[in-house]
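Visitor: I would like to learn how to read a fold from its coordinates. Where do we start?

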Amino acid sequence: MADRTARAPAAVPSAPLVTSRPLDEYRGLFGLTRAGIAALPGPLLDCPGGAAALVAEARPLGCRVIAADPVYARPAGEITARALAARAAMAAAMAARPDLYPARRHRRPEHYLRGWDRARRLFAADRAAHPGQYVAAELPRLPFADGTFALTLSGYLVFAYPELFGPERQLAALLELVRVTAPGGEVRVHPLYDGEGRRTAGMDAVRRALGERRIASEIRVVPPVDRGGRAQRVLVLHRVSPRG
């Protein structure tokens, strides 16, 4: 997965980019393995799912994934158009700021983005065949029961867009992600910086507020999964049992 959030030209986006990331990017982003995905005791939530291929690629592993994203309320053609716009934004960002993408210096941008093209096609076909696994929903309120998911992933949203998610909304979104996750499960959130590569300034305050609500947090360093990659920092959350 790219190491910084590509942004559209507008200074304040009206909505997050709809990216098309394959399973291998999720593995590097969140510290996942195929065996670990296959061994999950329950479903996995991808929020926001965008036009990614996680639902389609995890199914052959025996894992049921639910993707949640407000864009799923839009027509398929509009979702594809927004995914193509996100691809163009990423290509432009990689060309303009190669210093922000050291994990991809060993491969050409077009080679990397071909993975997005494949993921976008997989997403479109899978959503048409399995529409029930793509739920139109937006943080900080999700239409799922408490403790539904064994693992919850949230990529490139909560901390990546501070102009859309201020401190109060960040906290509300994280609390909601924990709510829908099983007591023995985890929430994993990435990145911990915004679109300019600036680390989240209020992270300590967010973690204190979570702790006051009996939610444990850690910043986990995820080693790179490919040659020339770089380690990632992921916020990991889970409920604290009544006995601590």
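Visitor: How many helices and strands does the protein have?

Guide: Seven helices and seven strands. Both are DSSP runs, numbered from the N terminus: helices are H or I with at least four residues, strands are E with at least two. The order from the N terminus is α-α-β-α-β-α-α-β-β-α-β-α-β-β. Note that this is a predicted model, where local features need pLDDT of at least 70, side-chain atom pairs count only at pLDDT 80 or more, and totals for chains, interfaces and linings use all residues. Residues are numbered from 1 along each chain as its sequence is written, and side-chain values use heavy atoms, with hydrogens and water left out.

Visitor: What share of the residues counts as buried?

Guide: Buried means under 20% relative accessible area, exposed over 50%, and partly exposed in between (1.4 Å probe, protein chains only). Here 48% of the 244 residues count as buried.

Visitor: Which residues touch the most other members of the largest nonpolar core?

Guide: A nonpolar core is a set of buried Ala, Val, Leu, Ile, Met, Phe, Trp, Tyr and Cys residues joined through side-chain atoms within 4.5 Å. The largest has 30 residues, and Leu 45, Leu 139, Leu 142, Phe 144 and Leu 174 touch the most other members. Elements giving two or more residues to this core include strand 2 (65-68), strand 5 (181-190) and helix 7 (203-212). Helix 6 gives the most, five residues. A second, separate core holds 29 residues, among them Ile 37, Val 55, Leu 153 and Val 236.

Visitor: Which residues of helix 7 are buried?

Guide: First the general idea. An α-helix has 3.6 residues a turn, so residues three or four places apart point the same way. In helix 7, Met 203, Val 206, Ala 209 and Leu 210 are buried. These residues lie on the same side of helix 7 because they cover an arc of only 125° around the axis, taken from the directions from the helix axis to the C-beta atoms. On the other side, Asp 204, Arg 208 and Glu 212 are exposed.

Visitor: What covers the buried residues of helix 7?

Guide: The cover includes helix 6, strand 6 (215-222) and strand 7.

Visitor: Is Arg 21 buried or exposed?

Guide: Arg 21 counts as buried because its relative accessibility is 4%. Arg 21 sits in the segment before helix 1 (23-30). Its side chain makes a polar contact of 3.3 Å with that of Thr 19. Such a contact is a pair of N or O atoms within 3.5 Å; within protein, one must be able to donate a hydrogen and the other to accept it, and residues adjacent in sequence count only if both atoms are side-chain atoms.

Conventions
Contact means heavy atoms within 4.5 Å.
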